[in-house]
Amino acid sequence: MRRLRLRRDASLTLLLGASLGLLLYAQRDGVAPTTSAPRAPGRAAPKPTPRFRTFQLPDAGAALPAYEGDTPAPPTPTGPFDFARYLRAKDQRHFPLLINQPHKCRGDGAPGGHPDLLIAVKSVAADFERRQAVRQTWGAEGRVHGALVRRVFLLGVPRSLGSDRADGGEVGGAQTHWSALLQAESRAYADILLWAFDDTFFNLTLKEIHFLAWASAFCPDVRFVFKGDADVFVNIGNLLEFLASRDPAQDLLAGDVIVQARPIRMRASKYYIPEAVYGLPAYPAYAGGGGFVLSGATLHRLAGACAQVELFPIDDVFLGMCLQRLQLTPEPHPAFRTFGISQPSAAPHLSTFDPCFYRELVVVHGLSAADIWLMWRLLHGPHGPACAHPQPVAAGPFQWDS
Ligand SMILES: *[C@@H]1O[C@H](CO)[C@@H](O)[C@H](O)[C@H]1NC(C)=O
């Protein structure tokens, strides 16, 4: 039975992968971003320094190739941003849900079996390969260290197709393919949420508010939510361990927190924000959108607050504005590295391919599907982490008790 299911899964994966690959190839320019603002040079960002143990590099780790060719184009908005248009359209902020997962948080059959952790990953239609990697590695559903984990991917309509969706009339061939493929993927994995807005970089804020509203409505009893990008690696054990001592009824939003970030006033920048759009010298404290975690209580409060805050084109800054409205300070966590590892300064002696490195972190940003697989395999190999200096074994494996 299980073998049969595995085989069905495998052929489905192949089929969906091949079709999406073809479409991706045909529509490379329609690829929308999944990532949020990287730390720009102008931004002040004092952060606690993570406590590193000193590692010796295993010599094999040094020369691993970078897998660049297997993922869609890097997330860059195309052309100069039309602020006037953005401001005019800003009041349109409610879009229908085209694919829902209404049963996602109904527990695992047991009464009162609410998920302990809901994982929500920003993705774009074309990025099937990363979704597969996440599904089968750190984003796997089920019991993890005793905690019940559920997963959704957050998608908008691929950009080149969004414009004719509203009138509902003629649907182009490509659009039929996309929606058919996403429907099939949703039937196979029951983890796709698709909204009817264009999936563009500057619409990530729409994704944020629609997700918060969805989770608040369809996962009202979830204890914690992790929200992040598809190109992160999450050490889910470390994340659960961090959450185990926290009360879901209390406010919590933790991640890679940026304080006193200055809006970028250079027109050429992807993050350019004119004074007319944001006049203050610094943004409120915010957590990098690559990956952060929040409590159930904060989920509900944020969903309410964000519904009142004017849209702002940078999604993680927007979330900071919602937090400010709630007078809630995001909590910096040194093991969330949503801005990647700046190798020379932060940790010259560490390789990002050293599994020992990932063992101590919670979130690392900027990985390809192949990187995610590789890290997972190294950390969960048959002989435990392939690590030069094995960690001393604690009293026993960590167990979540809810
Ligand atoms: C966001 O999505 C809406 C609806 O699809 C679209 O009209 C608008 O142009 C998009 N905005 C941006 C900034 O991409």
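Which polar atom lies 2.6 Å from the backbone oxygen of A133? In this predicted model, in which residues are numbered from 1 along each chain as its sequence is written, local features require pLDDT of at least 70, side-chain atom pairs count only at pLDDT 80 or more, and totals for chains, interfaces and linings use all residues. Side-chain values use heavy atoms, with hydrogens and water left out.

The atom in question belongs to the side chain of T137, and the pair is a polar contact in the sense of two N or O atoms within 3.5 Å, where within protein one must be able to donate a hydrogen and the other to accept it, and where residues adjacent in sequence count only if both atoms are side-chain atoms. T137 is placed in the loop between α3 and β3 (142-144), helices (H or I, at least four residues) and strands (E, at least two) being DSSP runs numbered from the N terminus. At 1% relative accessibility T137 counts as buried, a term that denotes under 20% relative accessible area, with exposed over 50% and partly exposed in between (1.4 Å probe, protein chains only). Helix α3 (residues 128-136) has seven of its nine residues buried, so it is largely enclosed by the rest of the structure; those buried residues are F128, R130, R131, Q132, A133, V134 and R135. The charged end of R135 sits over the ring of Y189, 4.0 Å from its centre, the criterion being that NZ of Lys or CZ of Arg is within 6 Å of the ring centre and within 35 degrees of the ring normal.

Ten aromatic pairs are found in a search of the whole structure, where rings of Phe, Tyr and Trp (its six-membered ring) pair if their centres lie within 6.5 Å, and planes under 30 degrees apart count as stacked, over 60 as edge-to-face and the rest as tilted. F95 and F197 form an edge-to-face pair, at 5.8 Å centre to centre and 75 degrees between the planes. Because F95 lies in the loop between α2 (83-89) and β1 (97-99) and F197 in strand β5 (residues 192-198), this pair ties together parts that are 102 residues apart in sequence. F197 is buried, at 2% relative accessibility, and ring pairs link F95, W195 and F197 into a cluster. Y283 and F312 likewise form an edge-to-face pair, with 5.6 Å centre to centre and 75 degrees between the planes. Y283 is buried at 3% relative accessibility, and F312 is buried with a relative accessible area of 3%.

Oxygen atoms of the ligand lie 3.4 Å from a polar side-chain atom of R85, 2.9 Å from a backbone N or O atom of D198 and 2.7 Å from a polar side-chain atom of T200. Taken alone, the ligand exposes 360 Å², of which the protein buries 75%, with accessible areas from the Shrake-Rupley method with a 1.4 Å probe and, for residues, only the protein chains shown counted as cover.
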